[in-house]
Amino acid sequence: MTYRKPLLILALLAVLPLIRAVPGVNANYWLHNFILVVMWTIIGMSWNLLSGYCGQVSFGHAAFFGIGAYTSGLLYVKFGLSAWWGMLASIPVVGAAALLIGFVCLRLRGPFFALATIAVGVILRIVAENLTGFTGGDMGIMIRERTWVEKTWYYYIILALAAGTFWFVDRIIASKLGYYFVAIREDQDAAESLGIDTTRYKTIALVLSAVLCGFAGAFYTNYMGYIDPKVVFALHDISVMAIMVVMVGGVATRWGPVLGAVIMILMAEIIRTIPKVGTAHHTLFGVLLIVVIIFLPNGVVGDAAKLRRLLRPGRSA
Amino acid sequence: MSAAKIEVLLQTLISGLLLGGLYALIGLGMTIIMGVMKIINLAHGELMMVGMYVAYLLFAWAHIDPYLSILVAVPLLFFLGVALQKYLVNPVLKVDAILPENQVILTVGIGMVLANLATIIFKSDYRTTPVDYATKAWYLTDLWKDSPIELSLSFPWTVSFLFAVGITAALWFFLSRTDMGKSIRATAQDKDAAMLMGVNVERMRVFTFGLGSALVGAAGCLFLPIYYLYPDVGGQFTLTGFVITILGGLGSTVGAIIGGLILGVFESLTATYVGMGWAPVGRFVVFMLVLVFVPGGVASLLRRRRFGK
């Protein structure tokens, strides 16, 4: 696989902070949105690895995001360490949690797995809300010392992380492991009969996906400086959003999560700024999701040819 | 065990059973949709929310009792369900996509739209329906003067429970005694065989989605006098609904009733003995245990006993 296009796009993204030099533009506001877009790219790629390539549709990625975020936050509150260590610490913590969750949930197939992951996400949220002594409950965790007031460095950190994730997922999918994943998605029984230890490879997909998502969570704690259970374990705003990013962009495609994150986050932001319509952004999201599922089931990237045909009238299909 | 402890336990069991009867009604709607369509309707709670708002509006405008508004909410929700099935779910069943879970994700989208529209129309205020019998209750000491323990039976809870039992009985009659009901059960059992026997499977699907929505709409009216109402109220009932569906065994109506009762009692026990906030965790712990140890739910246990004989 060639890396010319990704590197070119990365180079373009790297100069985005120059937006500061443009007069009349609220650079901080736009940088904030860019950071969110890149963060959602990571979450999308993580979901895509497990659900898009391996076919295990997860409705509970907020669980991993939240565990990553709380690892970071608790390190700061309980041990007085910089919350940045949470990035490193989240690997074993989220990995172990994913192993445990996988042990229970991966025995289940298709929609049952999806339901079990919803349950996991909700259980974790309620536990975090109720263990007030440990997590601070609904009060959440506040990181009092911000590393930078300015957003440029946060942007570069998350961009580097996203580039790394992109490369990592790409390598995995090109490797034998990736072929196993797709085989499991297409027909689990056939894969099993061909000698693929499906439980093992599903677990690997889950743990890898979880760790990537946990990174995004740990970054979120550092960047936003405040987390609480309702935000980081949110069913709609994290778990379903992760699904939407990939569904809109394109399931099991290289660029789907990237494009999906750009479309979804920028759209959310634009809708929010329109007066009166702003409160309806979930409605518009829902409608978009329904339209995409019915008309572009493989997302903007997956159904690019179909879209092009639609946009170029006069040519018959 | 002292008398006071027994009193708490019995009272917990009573309120658990009353809650369970209502839960069963929610689970029933979800389970018949699951049985016939083979999809999990994650917009179920949001449909219930619509039913609750219908009853609320009727009460606020015309002072119609929530129990009476069942007569309005049920047909309304039926047609809403029919429309959703016909124009949204059916097209997706025909679309060829990488992930077969598309339909589940679609229902999540529908739920999001419904909840958000309710927020826009009604704002996110918490509302209650001040029916005049809200705090009425029967006490054991009224019947039996020197009873050593005191138990109470809340009036609206009991009425809601009885309504739920009545609706469940009517549903049972419909499914087991009428031609339409038998066709629905045949479709759930084996779609292709039913088609060969001359059942209009497409029509049964549409009708079932409507029926499931109507049932949960009725549940919404029954919950209104005893619960508060806000636009996002549906989410938790969706979760309750699918826990019951799994607990009872997918597509099994008897299982859903038993599952609903078990869940109601279990939640009530968790709320009393562990803490109010933990009740939902208890619900999901049951759910995970069932998924891992009894994946077929209550229905599979019932079936095993029957075969054992």
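Predicted model: local features only at pLDDT ≥ 70, side-chain atom pairs only at ≥ 80, totals over all residues.

Two residues are taken to be in contact if their C-beta atoms, placed from the backbone, lie within 7 Å.

Chain A contains 16 helices and 2 strands. Its C-alpha trace spans about 55 × 50 × 40 Å along the principal axes. A compact globule of 317 residues would have a radius of gyration near 20 Å, and the 20 Å of chain A therefore agrees with that expectation. Buried residues make up 49% of the 317 residues in chain A. Among the contacts in chain A between residues at least 6 apart in sequence, 75% join residues at least 24 apart.

For chain B, the secondary structure comes to 13 helices and 2 strands. The radius of gyration of chain B is 20 Å, close to the 19 Å that the globule rule gives for 309 residues, so chain B is as compact as a globular protein of that length. The C-alpha atoms of chain B fill a box of roughly 65 × 55 × 35 Å along the principal axes. Of the 309 residues in chain B, 50% are buried. Residues 24 or more positions apart account for 77% of the contacts in chain B with a separation of 6 or more.

Two helix pairs illustrate the packing inside chain B. In one of them, helix H1 (residues 3-37) of chain B meets helix H10 (residues 233-248) of chain B; their axes come within 8 Å and cross at roughly 70°. Angles of 65 to 115 degrees count as roughly perpendicular, and H1(B) and H10(B) are therefore roughly perpendicular to each other. Their crossing is right-handed. H1(B) contributes Tyr23(B), Ile26(B), Gly27(B), Met30(B), Thr31(B) and Met34(B) to the contact, while the residues from H10(B) include Phe237(B), Phe242(B) and Ile244(B). The residues of this contact divide into 7 nonpolar, 6 polar and no charged.

In the other pair, helix H2 (residues 44-62) of chain B packs against helix H9 (residues 201-223) of chain B at an angle of about 50°, with the axes 7 Å apart. H2(B) and H9(B) are therefore oblique to each other. H2(B) passes H9(B) in a right-handed crossing. Among the residues that make the contact are Leu47(B), Met48(B) and Gly51(B) of H2(B), together with Val216(B), Gly217(B) and Gly220(B) of H9(B). The contact of H2(B) with H9(B) comprises 11 nonpolar, 5 polar and no charged residues.

Phe161(B) is found in helix H6 (residues 155-177) of chain B. Is Phe161(B) buried or exposed? The threshold for a buried residue is 20 or more other C-beta atoms within 10 Å; Phe161(B) has 23 C-beta neighbours inside 10 Å and therefore counts as buried. Leaving aside its neighbours within four places in sequence, Phe161(B) is in contact with Leu18(B), Gly21(B) and Leu22(B). Phe161(B) and Asp179(B), by contrast, are 18 residues apart in sequence and 28 Å apart in space, C-alpha to C-alpha.

Definitions and conventions
Residues numbered from 1 in each chain as written. Chains lettered and ligands numbered in written order. Helix = DSSP H or I, 4+ residues; strand = E, 2+ residues; numbered from the N terminus. Rg over C-alpha atoms; globule rule 2.2 N^0.38 Å. Buried ≥ 20, exposed ≤ 12 C-beta atoms within 10 Å, placed from the backbone. Axes fitted to C-alpha atoms, helices over the stretch in contact; angles between N-to-C directions. Parallel < 35°, antiparallel > 145°, perpendicular 65-115°, else oblique. Left-handed = near helix turned anticlockwise from the far one by under 90°. Nonpolar A, V, L, I, M, F, W, Y, C, P; charged D, E, K, R; others polar.
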